Amino acid sequence: MTHGFGPVAPPDARFRAAAEQRQAQLTKPAGSLGRLEEIGNWVAACQAQCPPRQFERARVVVFAGDHGVARHGVSAYPSEVTAQMVANFLAGGAAVNTLAAVAEATVRVVDIAVDAETDPSVSKHKVRRGSGSIDREDALTAEEVAAALVAGRAIADEEIDAGADLLIAGDMGIGNTTPATVLVAVLTDTEPVRAVGRGTGVDDAGWARKVAAIRDGMRRARRVAKEPVELLRVAAGADFAAMAGFLAQAAARRTPVLLDGVVVTAAAMVAEDLAEGARAWWLAGHRSTEPAHALALTHLRLEPLVDLGMRLGEGSGALTALPVLRAAVAALAQMSTFAEAGVSTAGDADSRPNLTK
């Protein structure tokens with residue numbers, strides 16, 4: 001099945017090198033800002049500009065979708081919560097809304113596969129109501145997975161064309177850590193029990209049901225592990241396919257992305273298989289408590305900015321990390337150089353202040 005993505009060119013190495021040179025001239029010991037320096041250099045490369053400009057239009061897109069597997073006791077919450085939370089996002093009452101306000105980002109919600117009628121303002125790209133129960137049936141038809149990929153790509157284009165200079169993908173869907181874990185475990189060849197977390201906080205019996213569902217989902221997914229579109233069709237869902245299309249298209253459009261938790265990062269693994277090299281445009285916002293998230297980050301060779309024991313989704317971890325990303329840009333762009341500040345860099349004794357007088 002063709003998906004229309006090709007290899008993605010990396011961020012501009014010339015501007016990364018220029019940023020590294022600028023870091024050496026700033027009023028601080030070399031390397032003293034640690035990873036902030038590396039992140040600032042990455043932003044300069046992504047923007048093809050040094051010094052980089054501060055992000056002015058950071059945009060969160062929350063992909064909402066239900067999953068048939070949630071009907072089989074793998075979550076602590078019923079599927080009805082997905083639609084209720086979409087309404088909460090629109091009303092501004094969710095964690096993603098409050099954290100976005102602090103991080104100076106804006107939020108958009110898209111209903112890709114919520115198993116209910118939602119506000120027309122969010123359902124333009126809706127593919128279906130709920131995805132199939134991946135432990136016993138395919139998540140999508142061939143037409144639906146194609147439509148979801150097109151939707152994700154279109155949403156990325158809409159946001160970038162409207163001026164977004166940084167994208168964050170978020171997720172909302174009861175039961176969605178189950179397909180996320182199937183994707184991660186299959187692509188990293190990990191046994192289910194090593195990859196399965198508590199998701200929304202299931203009890204021991206729920207965890208056992210979740211392991212069984214993931215094991216069955218993996219059995220169905222393994223035969224298509226090397227075919228990213230088929231993997232999304234068989235073992236993921238419309239929201240995952242849309243996220244994968246969104247992440248691949250953002251990279252193709254040379255727009256940096258801050259990744260969130262296990263659901264988004266599972267979709268990112270497939271997006272990297274769709275569009276080789278896309279991961280160079282992504283930064284991992286955080287590491288969640290889901291075991292599969294650490295496996296996915298290792299697979300993508302991404303080191304998270306923060307690790308605060310979060311596991312909510314919605315884009316919340318990425319938004320919490322966004323001020324760190326802004327700090328990296330500010331340090332590189334706004335700090336004075338030694339020459340500008342009149343600070344000496346000479347190492348001889350004559351240039352040092354005499355503290356004994």
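User: By its relative accessibility, what does D138 count as?

Analyst: This is a predicted model, in which local features need pLDDT of at least 70, side-chain atom pairs count only at pLDDT 80 or more, and totals for chains, interfaces and linings use all residues. Residues are numbered from 1 along each chain as its sequence is written, and side-chain values use heavy atoms, with hydrogens and water left out. With a 1.4 Å probe and protein chains only, buried means under 20% relative accessible area, exposed means over 50%, and partly exposed lies in between. Because its relative accessibility is 26%, D138 counts as partly exposed.

User: Which side chain is joined to that of D138 by a polar contact of 2.8 Å?

Analyst: A polar contact is a pair of N or O atoms within 3.5 Å; within protein, one must be able to donate a hydrogen and the other to accept it, and residues adjacent in sequence count only if both atoms are side-chain atoms. The side chains of D138 and R220 are joined by a polar contact of 2.5 Å. At 2.8 Å, the side chain joined to D138 is that of R233.

User: In which loop is D135 found?

Analyst: Helices (H or I, at least four residues) and strands (E, at least two) are DSSP runs, numbered from the N terminus. D138 lies in the loop between β2 and α5. D135 is likewise found in the loop between β2 (105-113) and α5 (142-161).

User: Is D135 buried or exposed?

Analyst: The side chain of D135 makes polar contacts of 2.5 Å with S133 and 2.9 Å with R136. Leaving aside neighbours within four places in sequence, D135 touches V69, H72, A213, D216, G217 and R220. Its relative accessible area is 11%, so D135 is buried.

User: How many disulfides does the rule give?

Analyst: A disulfide is counted when a pair of cysteine sulfur atoms lies within 2.5 Å. The closest cysteine sulfur to that of C46 is in C50, at 13 Å, which is too far for a bond. C46 counts as buried at 5% relative accessibility, whereas C50 is partly exposed at 26%. The number of disulfides by this rule is 0.

User: What is the strand order of the open sheet?

Analyst: Two strands pair if DSSP finds at least two bridges between them. The edge strands, each pairing on one side only, are β2 and β5 (282-284). The sheet has 5 strands with parallel pairing, and neighbouring strands are turned by 25° against each other on average, direction ignored. The order is β2-β1-β3-β4-β5.

User: Which residue of β5 is the bridge partner of V257?

Analyst: Strand β4 (residues 257-259) pairs with β5 in the parallel sense over 3 bridges. The bridge partner of V257 in β5 is W282.

User: What angle does the direction of α10 make with that of β1?

Analyst: Axes are lines fitted to C-alpha atoms, for helices over the stretch in contact, and angles run from 0 to 180 degrees between N-to-C directions. Helix α10 packs on the sheet, touching β1 (58-65), β2, β3 (166-172), β4 and β5. Its direction and that of β1 make an angle of about 155°.

User: How far apart in space are the C-alpha atoms of P228 and M269?

Analyst: P228 is in helix α9 (residues 228-235) and is buried, with a relative accessible area of 13%. Not counting residues up to four places away in sequence, P228 touches V270, D273 and L274. P228 and M269 are 41 residues apart in sequence, and their C-alpha separation is 9.3 Å.

Definitions and conventions
Contact means heavy atoms within 4.5 Å.
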